[in-house]
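Dear colleague,

I am passing on the structure we spoke about, together with some notes on its charged side chains. Please look through it alongside the text that follows.

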Amino acid sequence: MSLPVVQKKGDIILGGLFSLHDMVMEPSLSFTSKPPPAHCTRFNFRTFRWMQTMIFAIEEINRDGKLLPNITLGYKIFDSCSTPHQALKAVMELVGNEKVSGVEVETESQGTCHGTVPAVIGDGGSTQSLVVARFLGVFQVPQVSYFSSCACLSDKKEFPAFLRTMPSDLFQVDAMVQLIKHFGWTWVGVIAGDDAYGLGGANIFADEVRKLGACVALHEVIPKNRAQITISSIISKIRSSGARVILVFAVEQDAAALFDEALREGLTGIQWLASEAWSTAAVLSTPKKYHHILQGSMGFAIRRAQIAGLQDFLLSLNPSRPGYEKLCKRKSTIFSAGLSKYRQYTAMA
């Protein structure tokens, strides 16, 4: 069954994987009929802007006749819905299917090359990228990720075709350990998201903190279903541990679930340390409801960069235009430009 797609024809077609939705509502399977298509929920405007950055970069390349003379780039972009199996379905569409029954945004060139795409941009999540990298590595199709930072993806023997414009988590973990050393903290808690990014980064951090001579007061995992009873148990363990410095190595959605429960239970007085996945995300900067518990939080992020013309491009967008209905369930004008879009832009370089 073909998946919804945003696409544009060209002489060379690049694949794209973006987690435009935060989760998949799994259908109830009766095993007596054909399974219904997956239903993705919780549209993510941050990732939508990343997707638009890829489109912006392709349009810039096409406008510059010196970069690829007489060659037009096109794209096929799929929503991986923040889940590995959905990402795998999407990449199988990209490398194994000439016909994709989706929505076409623009059609300019009739000389489209059919078949396997020469490269795939994405995915953002490390867990999705792990699955995609194993699959694409078999066919030696290059994959360039703009946000997957798991140190595990640096293994070229296991992932020979994987590249990224995002630094490995080893670098941010080293910076966090230096922060612990600088302030002389010796009793530190670690909370991880239940995925390759969270578990991998948190484990490296805990090992390095112990080498430093400090102690790990607690090491907990936020479940992928974000069950309130489990997260409530984590809050209780934070209280009983006596730790006042807590690293949350998780994606934005997992961090938000943790802070929602911290608000409900009135947990205050914690020095939160943020991994880069949520240090610049809306969970920290936008909702005022978190301010009194997250005020003073510290974290690391990739240096910000400006991309000429990108902000005006994003300000002119409206997902209600024909071609986005199947991917974008909500309607809104997209605005704002940030550092993650620069990494997406450089992935196209």
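Are Glu252 and Arg46 buried or exposed? Both Glu252 and Arg46 are buried, and please keep in mind here and below that this is a predicted model. Their side chains meet in a salt bridge, with 3.8 Å from N to O, and this pair links distant parts of the chain, since Glu252 belongs to helix α7 (residues 252-264) and Arg46 to helix α1 (residues 45-63), 206 residues apart.

Helix α7 also holds Asp254, whose partner Lys224 lies in the loop between β11 (215-222) and α6 (228-241), 30 residues apart. The side chains of Asp254 and Lys224 form a salt bridge at 3.2 Å, N to O. Asp254 counts as buried because its relative accessible area is 0%, which is under the 20% cut-off, whereas Lys224, at 39% relative accessibility, is partly exposed.

A further salt bridge joins Glu265 to Arg239, with their closest N and O atoms 3.7 Å apart. Glu265 sits in the loop between α7 and β13 (271-274) and Arg239 in helix α6, so this pair ties together parts that are 26 residues apart in sequence. Glu265 is partly exposed at 25% relative accessibility, and Arg239 is likewise partly exposed, at 38%.

For the structure as a whole, the search finds eleven salt bridges, among them the pairs Glu252 with Arg46 and Glu265 with Arg239.

Conventions: Residues are numbered from 1 along each chain as its sequence is written. This is a predicted model: local features need pLDDT of at least 70, side-chain atom pairs count only at pLDDT 80 or more; totals for chains, interfaces and linings use all residues. Side-chain values use heavy atoms; hydrogens and water are left out. A salt bridge is a side-chain nitrogen of Lys or Arg within 4 Å of a carboxyl oxygen of Asp or Glu. Helices (H or I, at least four residues) and strands (E, at least two) are DSSP runs, numbered from the N terminus. Buried means under 20% relative accessible area, exposed over 50%, partly exposed in between (1.4 Å probe, protein chains only).
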